[in-house]
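Colleague: Thanks for sitting down with me over this one. Could you put the model up, and then I will ask away?

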Amino acid sequence: MTKTDRPGAGGESGRAERGGRRGRGRRSEAGVLAAFGHVALVVWAIVVIAPILWTFLASFKNTTEIFSSPWTLPAELRWENWSRAWTKAHVGRYFINSVIVVGLSTFGTMLLGSMAAYVLARYKFIGNRLIYFLFVSGLAFPVFLALVPLFFVVKNLGLLDTHTGLILVYIAYSLPFTIFFLAAFFKTLPSSVAEAGMIDGCSHTRLFFQVMMPMAKPGLVSVAIFNVIGQWGQYQLPLVLLSNAKDKWVLTQGIADISVNAGYEADWSGLFAALTIAILPMIVVYAIFQRQIQSGLTTGAVK
């Protein structure tokens with residue numbers, strides 16, 4: 001029997017060859033999938049960036065340029081479009097109202113949501129899971145289904161057409177996602193640190209605010225940014241709860257009003273300037289806190 005006829009030698013070389021072919025096949029398949037993934041990301045980036053870029057360029061054009069040459073650069077930078085939108089269309093007032101409402105509602109959401117998530121994640125008591133699932137069930141409940149009863153609840157509390165009523169509704173609206181995300185994040189924090197704090201004499205309140213919250217900073221920042229972006233672009237709730245108080249309107253209501261008036265006054269450049277003013281803050285916020293958001297999303301998964 002020759003060497004090539006031996007079952008052992010032939011079998012090992014055959015298995016190695018088949019293993020090599022399978023490895024090359026998997027690599028080629030992964031390469032094809034990666035190529036499709038890159039193409040899909042490029043297409044998605046174009047779909048998202050192109051309208052934003054077009055809106056930004058249109059904010060410097062006049063009405064004639066917007067309709068006659070929509071895909072060209074503006075002949076000049078007309079900053080008066082921005083100033084007209086800020087003053088004449090009252091975008092400045094709406095912008096300040098949005099900052100106040102979103103700032104206070106985000107603070108309240110993060111304070112109440114983080115405390116609730118911490119208790120549900122770290123303490124065992126009767127009804128723990130029931131309360132958690134009641135909170136999380138709010139994620140599956142469409143907002144528009146609750147608009148009518150919500151209107152009457154806020155009206156009966158005497159908070160209709162007030163920023164206080166809108167802030168409280170924003171907090172309630174944002175709590176399900178906040179608790180769902182932070183409860184999972186708090187579970188990943190090491191129990192040894194909490195036990196050491198309790199041994200050193202920390203109360204439960206001090207342990208939460210001075211030990212656990214600093215450790216959960218990446219998750220808190222991520223959820224806070226998501227809440228800011230979601231509340232900043234909210235339109236249905238302000239439309240229902242601030243319909244009769246124009247001086248208290250938020251930015252989305254103001255831009256909707258400008259878009260209606262633009263059809264009659266033909267001030268399309270002012271409309272696009274107002275849209276750009278509304279979009280830019282969220283882009284800046286996300287650009288500044290991008291690393292913190294990614295860190296918060298990945299830290300919990302890795303731990």
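Colleague: Which helix gives the most residues to the nonpolar patch?

Modeller: Before I answer, please note that this is a predicted model, in which local features need pLDDT of at least 70, side-chain atom pairs count only at pLDDT 80 or more, and totals for chains, interfaces and linings use all residues. Residues are numbered from 1 along each chain as its sequence is written, and side-chain values use heavy atoms, with hydrogens and water left out. Two helices, α1 (7-58) and α13 (268-288), each supply at least two residues of the patch. The top contribution, 9 residues, comes from α1.

Colleague: Nice. About how much accessible area does that nonpolar patch have together?

Modeller: Patches join residues with over 30% relative accessible area and no salt bridge, like charges within 9 Å and nonpolar side chains (Val, Leu, Ile, Met, Phe, Trp, Tyr) within 5 Å. Accessible areas come from the Shrake-Rupley method with a 1.4 Å probe, and for residues only the protein chains shown count as cover. The members include Trp 44, Val 47, Phe 56, Leu 280 and Ile 283, and Val 47 sits in helix α1. Together the patch has about 960 Å².

Colleague: What share of the residues counts as buried?

Modeller: Here buried means under 20% relative accessible area, exposed means over 50%, and partly exposed is in between (1.4 Å probe, protein chains only). Of the protein's 303 residues, the buried share is 36%.

Colleague: On to charges: which residues are linked in a network of salt bridges?

Modeller: Side chains of opposite charge can pair when their charged atoms come close. The cut-off for a salt bridge is a side-chain nitrogen of Lys or Arg within 4 Å of a carboxyl oxygen of Asp or Glu. Arg 78 pairs with Glu 65 at 2.6 Å, N to O, and Glu 76 pairs with Arg 78 at 3.8 Å. The network is therefore made of Glu 65, Glu 76 and Arg 78.

Colleague: Which residue meets Lys 246 in a salt bridge?

Modeller: The search of the whole structure finds 3 salt bridges, and this one has an N to O distance of 3.7 Å. Lys 246 lies in the loop between α11 (236-241) and α12 (251-265), and the partner is in helix α12, so the pair ties together parts 11 residues apart in sequence. The residue is Asp 257.

Colleague: Which helix gives the largest share of the lining of the largest pocket?

Modeller: On a 1 Å grid over the protein atoms alone, a pocket is an open set of points with protein on both sides within 12 Å along at least five of seven lines, a cavity is a set where a 1.4 Å probe fits but cannot get out, and lining residues have an atom within 4 Å of a point. The largest pocket holds about 450 Å³, where volume is the space filled by probe spheres set on points joined across faces, edges and corners. Its lining has 18 residues, with Gly 138, Val 143, Ala 172, Tyr 173 and Ser 174 nearest the centre. The largest share, 6 residues, comes from α7.

Definitions and conventions: Helices (H or I, at least four residues) and strands (E, at least two) are DSSP runs, numbered from the N terminus.
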